[in-house]
Amino acid sequence: MNIVDAHHHVWDLSVRDQEWISGRAMAPIRRSFGIEDLAPLARAAGVRATVLVQTVCAAEETPELLALAAADNLVAGVVGWTDLTAPDIADTLAALIELPGGDRLVGVRHQVQSEPDPCWLLSPDVLRGLAAVAEAGLAYDLVVLPHQLPAAAGAAARLPGLTFVLDHLGKPPLTSAGPGPWSRAVRALAAHPNTVCNLSGLVTEADRSSWTVAGLRPWADTVLEAFGPDRLMFGSDWPVCNLAADYAEVLDAARALTGHLGDQERRAVFEGTATRVYRL
């Protein structure tokens, strides 16, 4: 099987600080990570292509990520950032596509999880920006918290022509007793056919020092049932995953969580869905 890693990051702290990497718990990843660090890990794991995802809401970052993609065939797609509320968002997206590596721009993302308004995605200027993303032929990655999932479902309903990619399962509370309200909210999102889900980020939402595949399974099973393998795709969330597990361990966990699926279903999760959704 040719594996696509549909969600990872890189950053260079000498170019730009990553303010979210702060405190003792984040210390293991407070250094620069580049494609050259990922490449041997991906090669050893049988990963043939990746999707590189933005980390900060800074317009300068996306051209940098596109340039990295242009210089390395491992990166088949880039999910960048632009201001969804800007009146000229359509022009901005068109300009990004014309840059070196612009043919690898496959999506846009914003740190919605940091927005204080739980209905931020439903504001008129954001919906207008999301419509421009759809018009540009791009997907939209959702990095949201569980209480923001209803607004994400509302946006998906209003924009059936835009594919929404739920990152990290919507950051469910893996340290709680069970799926509970998150399960109902994520199923409501999955009811919209223009939504897909990244099987990523579980090890860092769980207890980072004692997570087990068995502990992750109820959450993974929920999205498998809600979205189905054809709307689910593997993502490592490297190097953030290093807070709880290395690259090979994350991939092994994803394999274990999908081990009961048939060959075609596993191929969808590990290759087909990402290739189709991001048009790799």
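Which side chain makes a polar contact with the side chain of His7? The side chain of His168 does, at 3.5 Å.

This is a predicted model, in which local features need pLDDT of at least 70, side-chain atom pairs count only at pLDDT 80 or more, and totals for chains, interfaces and linings use all residues. Residues are numbered from 1 along each chain as its sequence is written, and side-chain values use heavy atoms, leaving out hydrogens and water.

**View 1. His7 in strand β1.** His7 sits in strand β1, residues 3-8. Strands are DSSP runs of E with at least two residues, helices are runs of H or I with at least four, and both are numbered from the N terminus. His7 counts as buried because its relative accessibility is 0%. Buried means under 20% relative accessible area, exposed over 50%, and partly exposed in between (1.4 Å probe, protein chains only). The polar contact with His168 is a pair of N or O atoms within 3.5 Å; within protein, one must be able to donate a hydrogen and the other to accept it, and residues adjacent in sequence count only if both atoms are side-chain atoms. Leaving aside residues up to four places away in sequence, His7 touches several others, including Val51, Arg109, Asp167 and Trp238. Contact means heavy atoms within 4.5 Å.

**View 2. Strand β4 beside β3.** Six of the six residues of β4 are buried. Strand β3 (residues 75-80) runs parallel to β4, joined by three bridges. Two strands pair if DSSP finds at least two bridges between them. Val78 has Leu105 as its bridge partner in β4.

**View 3. The largest pocket.** Its volume is about 480 Å³. Of its 27 lining residues, the closest to the centre are Trp20, Arg109, Gln111, Gln113 and Lys171. A pocket is an open set of points on a 1 Å grid over the protein atoms alone, where a 1.4 Å probe fits, with protein on both sides within 12 Å along at least five of seven lines; lining residues have an atom within 4 Å of a point. β4 (105-110) and α7 (202-205) each supply at least two lining residues. The lining has seven nonpolar, eleven polar and nine charged residues.

**View 4. The second largest pocket.** Its volume is about 260 Å³. The lining holds 15 residues, with Val10, Trp11, Asp12, Glu64 and Leu68 nearest the centre. α2 gives the most, with four residues.

Notes: Grid points are joined across faces, edges and corners, and a volume is the space filled by probe spheres set on the points. Ala, Val, Leu, Ile, Met, Phe, Trp, Tyr, Cys and Pro count as nonpolar, Asp, Glu, Lys and Arg as charged, and the others, Gly among them, as polar.
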